[in-house]
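Trainee: Please take a close look at one part of this model with me. Pick a part, and walk me through it step by step.

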Amino acid sequence: MAIKKFITGNFYDEEILFPAVKKVRRAGYRIHDVFTPFPIHGLDKAMGLRDTGLHTAGFIYGITGTCTALGFISWTLAFDWKINFGGKPYFSLPAWIPIMFELTVLFAAVGMVMTFCYLCQIAPFVKKDHFNLRSTDDTFVLALECNDKTKDEEVIAFLNNLGAREVAVQYKETGWWLGRYDKDTMKFEKKN
Amino acid sequence: MDTISIREKFIVPKRYNTIAIALMTIGIIAIATLYIYTHGVKGTEEYKLRRDARFWASLLQNSVYFLLVVNAVMFFICATTLAWGGWQMSFRRVSEAISTCVPVIGVIAGVVLLAICFSDNHTIYHWADKEAVQHDPVLLGKSGFLNKTFFTVWTLITIGGWSFLGWKIRRLSRSTDDNPMDLEGRKKYMWNNTVWAALFIVLFALTVMSSIPWLWLMSIDAHWYSTMYSWYTFGSSFVAGLALITLFVVFLKNNNYLELTNEEHLHDLGKFMFAFSIFWTYLWFSQFMLIWYSNQPEETIYFITRIGNFAKGSPYRVLFWFMFCINFLAPLLIFMTRGSKRNYATLTFMSLLILFGHWLNFYQMVFPSPMINHETGDTHVPMILADFGVALGFVGLIMFVTGRALGRAPLIARNHPFIKESVIHHT
């Protein structure tokens with residue numbers, strides 16, 4: 001649990017959001033994240049996010065699945081308990097390929113979903129703090145992370161200038177937690 | 001507002017045509033050499049027939065392969081049109097230009113197929129031998145499908161139909177060039193486009209995806225059959241067709257044409273090649289595994305002439321597994337990363353590899369059976385370099401015809417309703 005200070009701005013239009021994101025970065029502020037109700041093409045590039053490593057993870061999970069299937073089937077059918085199926089050799093690779101394929105897909109799919117959930121910090125019953133509930137509906141919320149030297153008024157004026165609305169200073173929990181929104185959120189607010 | 005200057009007209013470079021004509025010359029020399037090499041030899045009657053069949057098999061393999069590949073490009077246009085895809089619009093004229101090869105190669109393939117069908121040499125198409133079929137219960141049972149009349153009629157309808165529908169679809173596309181349409185006009189245009197594309201797909205389903213590979217290629221192994229064969233052939237030709245489109249797009253990009261096409265479009269073409277290489281492998285494996293599993297002699301014979309069995313390998317096994325590696329393992333491993341699908345060099349390399357790999361696939365589909373020596377029962381791999389020379393001739397022909405077609409029409413269908421969708425395409 002780490003509660004940090006943010007300054008958030010709410011954007012009503014992508015055409016205002018994109019130049020704003022670029023200007024905020026050029027001004028040297030640190031963007032915590034931009035929350036949008038739907039995926040926006042090119043926003044990751046505008047924010048300067050690096051490419052995800054999810055594919056690499058998926059490849060590793062897939063290879064693990066292939067090896068698990070091949071290892072297990074060959075151990076059981078060709079070494080541990082040899083059974084003659086229709087006169088085929090004990091080590092009958094073609095017959096195993098469908099199963100190796102299925103396990104590859106299963107491992108890759110399940111592994112990637114779980115990795116994705118972990119990276120995005122989403123899971124059943126787990127909660128994350130919101131900056132503005134409208135980011136789940138129709139507006140785009142830009143959250144700037146503050147540090148000791150941040151001058152609030154300056155940043156607020158800057159964001160207002162860029163076309164942001166409802167600019168506010170907020171103290172929010174950045175990680176995920178198990179619990180309830182009503183009680184816990186109030187607890188955070190009291191802390192501040 | 002940024003403006004972009006567009007070079008609409010492709011001017012065929014002199015060197016391009018020189019290379020195309022040189023390749024065609026190589027092809028003609030290869031055919032002539034092959035003819036001399038296979039005819040006028042001494043030996044038994046059976047040996048002479050086998051030599052003659054080796055010549056025609058080369059023409060059959062090359063003409064059918066390249067015909068199916070350029071026709072698959074038309075299929076790509078129609079499939080994306082039916083799916084109301086917009087992303088391919090920025091290079092659609094390239095696909096259209098490649099598809100103008102269909103009538104040209106279609107005529108060649110038609111002549112070769114009918115010549116083989118009606119010749120006295122039945123080494124390639126046993127079922128064309130009326131005498132032998134009378135004493136052959138298997139071929140007699142298939143004679144309703146495998147007979148000269150049906151073969152001729154259906155071949156002519158197929159090649160004529162592909163050429164006509166392709167011409168119609170290209171003409172529809174050209175009709176918009178000097179005709180900026182209003183909303184109603186666009187709706188009408190999309191409707192027309194969709195209907196004609198759908199007609200092509202129906203013909204395609206009745207031909208490439210079902211009857212034509214059975215008739216033209218599978219009937220070489222007349223006693224054997226596989227219901228997956230046509231899909232397998234389609235997979236081969238489609239992935240090679242995509243490789244051909246990619247090659248031309250990269251070529252034009254390198255010559256500063258196609259300003260509106262960028263890595264995003266090439267990325268999608270790469271994804272298509274990746275996906276359909278795996279699709280092809282899936283069909284290859286499905287066909288192989290069921291035959292391997294049930295292990296019935298009349299079915300396994302196909303793979304015994306191509307791979308062999310534990311007791312004795314076939315001479316084609318090296319070619320077979322090499323083909324399998326470059327058609328499956330190479331696309332799988334090389335096209336897996338995002339960067340490789342957006343890189344001109346890997347795309348070009350992979351496209352060439354895929355075109356060659358599927359050419360080899362057709363090689364092992366056509367040659368093993370006609371090459372069987374009926375005295376010993378063994379097959380052999382003929383001098384493949386000669387066939388490769390013939391293939392280069394077809395490559396030159398495709399280059400020449402496509403280049404001419406590219407020069408005739410603007411490279412961008414600028415009034416197509418979906419053109420903007422293609423310009424802003426983002427993968």
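**The sheet of chain A**

Mentor: Four strands of chain A make up an open sheet, and their order is 2-4-1-5. The pairing is antiparallel. Strands pair if DSSP finds at least two bridges between them. Strands (E, at least two residues) and helices (H or I, at least four) are DSSP runs, numbered from the N terminus.

This is a predicted model: local features need pLDDT of at least 70, side-chain atom pairs count only at pLDDT 80 or more, and totals for chains, interfaces and linings use all residues. Residues are numbered from 1 along each chain as its sequence is written, while chains are lettered from A and ligands numbered from 1 in the order in which they are written.

Go back to the order 2-4-1-5 of the sheet in chain A. Its edge strands are strand 2 (30–35) and strand 5 (165–173) of chain A. Each of these pairs on one side only. From one strand to the next, the twist averages 25°.

Now zoom in on strand 2 of chain A. Its antiparallel pairing with strand 4 (residues 140–145) of chain A runs over five bridges. Look for Ile31(A): its bridge partner in strand 4 of chain A is Leu144(A).

Next, the helices. Helix 1 (residues 14–26) of chain A lies across strand 1 (3–11), strand 2 and strand 4 of chain A. It runs at about 5° to strand 4 of chain A. Helix 5 (residues 152–161) of chain A lies across strand 1, strand 4 and strand 5 of chain A. Helix 5 of chain A runs at about 25° to strand 1 of chain A. Contact means C-beta atoms, placed from the backbone, within 7 Å. Axes are lines fitted to C-alpha atoms, for helices over the stretch in contact, and angles run from 0 to 180 degrees between N-to-C directions.

Note on methods: Contact = placed C-beta atoms within 7 Å.
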